Amino acid sequence: MSSSASIWLVLLLAAVLANLPFVTERLLAFGPLRAPKSLAWRLLELLLHTGIVILVGRLLESRAGQMVPQGWQFYAVLLCLMLTLAFPGFVWRYLRRQR
């Protein structure tokens with residue numbers, strides 16, 4: 001897989017996983033159906049999904065060549081990116097007009 005395709009794969013995965021906690025009531029999208037999840041559960045799931053994105057990115061990076069060590073700045077930016085990507089799901093869940 002080319003490095004460009006790997007980048008797009010990680011970005012697409014991040015966009016999907018960032019919105020997943022807001023579009024389903026299931027725990028981690030596979031667990032038992034739960035009465036409305038609280039925002040805290042959704043944010044915890046978002047953190048776990050961020051970890052999945054990191055693992056997939058590191059796996060793809062290791063297959064492409066030498067892995068670059070990451071500092072705390074990388075993880076801070078990644079968390080901000082995941083929060084930004086989660087915005088459409090948050091709006092759909094909490095800010096749209098309920099009928």
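Buried means under 20% relative accessible area, exposed means over 50%, and partly exposed lies in between (1.4 Å probe, protein chains only). The structure is a predicted model, in which local features need pLDDT of at least 70, side-chain atom pairs count only at pLDDT 80 or more, and totals for chains, interfaces and linings use all residues. Residues are numbered from 1 along each chain as its sequence is written, and side-chain values use heavy atoms, with hydrogens and water left out.

**Exercise 1.** Determine which side chains meet glutamate 25 in a salt bridge, and state whether glutamate 25 is buried or exposed.

*Solution.*
Step 1. A salt bridge requires a side-chain nitrogen of Lys or Arg within 4 Å of a carboxyl oxygen of Asp or Glu. The structure holds four such bridges.
Step 2. One partner of glutamate 25 is arginine 42, at 2.9 Å from N to O. Arginine 42 belongs to helix α2 (residues 39-64) and glutamate 25 to the loop between α1 (3-23) and α2, so this pair ties together parts 17 residues apart in sequence. Helices here are DSSP runs (H or I, at least four residues), numbered from the N terminus.
Step 3. Another partner is arginine 93, at 3.1 Å from N to O. Since arginine 93 lies in helix α4 (residues 87-95), the pair ties together parts that are 68 residues apart in sequence.
Step 4. Glutamate 25 is buried, at 18% relative accessible area; arginine 42 is also buried, at 1%.

**Exercise 2.** Describe the salt bridge between glutamate 61 and arginine 58, then identify the residues joined into one network by shared partners.

*Solution.*
Step 1. The side chains of glutamate 61 and arginine 58 meet at 3.5 Å, N to O.
Step 2. Both residues lie in helix α2, three residues apart, so about one helical turn separates them.
Step 3. Glutamate 61 is partly exposed at 21% relative accessibility, and arginine 58 is partly exposed at 26%.
Step 4. The network formed through shared partners consists of Glu25, Arg42 and Arg93.

**Exercise 3.** List the residues of the largest nonpolar core and find which element gives the largest share.

*Solution.*
Step 1. A nonpolar core is a set of buried Ala, Val, Leu, Ile, Met, Phe, Trp, Tyr and Cys residues joined through side-chain atoms within 4.5 Å.
Step 2. The largest one has ten residues: Val10, Ala14, Leu17, Ala18, Phe22, Leu46, Val53, Leu60, Met82 and Ala86.
Step 3. Two or more residues come from each of α1 and α2, and α1 gives the largest share, five residues.
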